[in-house]
Amino acid sequence: MTLAATTHGFLSPTGVEIAFLLVGLVTLGAALVTVTTKQLVHAALWLVVALGGLAVEYLLLTAEFIAWVQVLIYVGSVVVLLLFGLMLTRAPIGRSPDADSGNRPAALAVAVAAAAALVWVVVDAFRATWIDLGGPAQGSTEVTGAFLFRHWVLPFEALSVLLLAALVGAIVLSRKRGADDGAGQGAPQAKERR
Amino acid sequence: MHLAYPAVLAVLLFCTGLYGVLARRNAILVLMSVELMLNAVNLNLVAFDVWLRDTLHAGQALTLFTIAIAAAEIGIGLAIVLLVHRNRGSSDIDRLRDLAEPPGGPGTRPGSGTGLGAGPGQDAEEAPQQTTSARQSEAAA
């Protein structure tokens, strides 16, 4: 691995690297538009581009199953949830001039400083490290199912409990409380309202 | 593939999300930026897992778990944002200042005595003034 810098130079990229770089530029551009645009719905739609680009990056890193999970969960459900949230909070359609708060210069300074420091450290640390993408795919559905249900069963089941708790919590939070909050009357009221 | 490409992309995505979290005013836009940060971490996990060729595939398993936890987080977060919007009519996070300190510092907060060594008589004299001034400041706010 220390020989990667001598055998694989940055100036002679492989095809996978060129594809990764192009998709990465698209992803980064979409992410930048997401955090800077003044139109709230457009931000959610650009987030779709950024998350879809990340799914393509996972595919290029031979992690197929995670790529499809990314498309399914993020692009399929999280962005739809965000759009529903924007609609339910009556987000203005069109440009809203107060999308950014007053501490924008400070945020920009912090982000640029963090990016500079981290890029410097990461490039300095992993300049000569080479990922070998050959051989059998490391993230195919077969491999993923094998390691997930052979080594990670207990965390998987604990995660289902966490999802159940999150579901119950979201329902409890978003349920409208009646005027009289008597015990035993909450459930029939909620049923009537639906 | 060089490991530097996915690592640098993850760093830049993370810092983009960091900027969004700090600079945005609408709470849902802040949640979108949090999603960007989580995705940057996921990309790092996958890249390092593919590099290390771990037999347990800890990176990819943790990525799947992170995606599930992010889905739970966005559900709870949106429920909280909708609740705040229903109660206050606005989901701008820089207007939710109930827990903020008053601008004059902690000494001007009503009810918090500044002098620890003050006698009980002095306290009793000052108490009505303090409450009236506190009421005035609340009415002004």
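Visitor: Where does B:R53 lie?
Guide: B:R53 sits in the loop between α2 and α3 of chain B. Keep in mind that this is a predicted model.

Visitor: Why is B:R53 called partly exposed?
Guide: Its relative accessible area is 36%. Buried means under 20%, and exposed means over 50%. The value 36% falls in between, so B:R53 counts as partly exposed.

Visitor: Where is the place of B:H57, and what is its phi?
Guide: B:H57 is also in the loop between α2 and α3 of chain B. This residue is not a glycine either, and has a positive phi of about 50 degrees.

Visitor: Is B:H57 buried or exposed, and how do you know?
Guide: B:H57 has a relative accessible area of 8%. The cut-off for buried is under 20%. The value 8% is under that, so B:H57 is buried.

Visitor: How many helices and strands does chain B have?
Guide: Chain B has four helices and zero strands. From the N terminus on, its elements run α-α-α-α.

Visitor: And how many helices and strands does chain A have?
Guide: Chain A has eight helices and zero strands. Buried residues are 31% of its 194 residues. In chain B, buried residues are 45% of 141.

Visitor: What share of the contacts in chain A comes from residues 24 or more positions apart?
Guide: Such residues account for 65% of the contacts in chain A with a separation of 6 or more. In chain B, the share is 53%.

Visitor: How do you know that chain A and chain B are in contact?
Guide: Contact means heavy atoms within 4.5 Å. By that rule, 91 residues of chain A are in contact with 70 residues of chain B. The area buried between the two chains is about 7,300 Å². Carbon and sulfur atoms give 76% of it.

Visitor: What makes A:D100 and B:R24 a salt bridge?
Guide: Their side chains meet at 3.1 Å, N to O. The rule asks for a Lys or Arg side-chain nitrogen within 4 Å of a carboxyl oxygen of Asp or Glu. The distance of 3.1 Å is within 4 Å, so the pair passes. Across the interface of chain A and chain B, the rule finds one salt bridge.

Visitor: Which residues have the most contacts inside the largest nonpolar core?
Guide: They are A:L61, A:L82, B:L13 and B:M32, in a core of 66 residues. Elements of both chains give two or more residues to this core, including α3 (40–60) of chain A and α1 (4–23) of chain B. The largest share, 11 residues, comes from α2(B). In chain A, domain 1 (4–136) and domain 2 (140–175) each give at least three residues to this core.

Visitor: What is A:L82 in contact with, leaving aside its neighbours within four places in sequence?
Guide: A:L82 is in contact with A:L47 in chain A. Across in chain B, it is in contact with B:I28, B:L31, B:M32, B:I74 and B:L78.

Note on methods. Residues numbered from 1 in each chain as written. Chains lettered and ligands numbered in written order. Predicted model: local features only at pLDDT ≥ 70, side-chain atom pairs only at ≥ 80, totals over all residues. Heavy atoms only, no water. Buried < 20%, exposed > 50% of the residue type's maximum accessible area, 1.4 Å probe, protein only. Core = buried A, V, L, I, M, F, W, Y, C linked by side-chain atoms within 4.5 Å. Domains from an automatic or database assignment. Buried area = accessible area lost by both parts, 1.4 Å probe.
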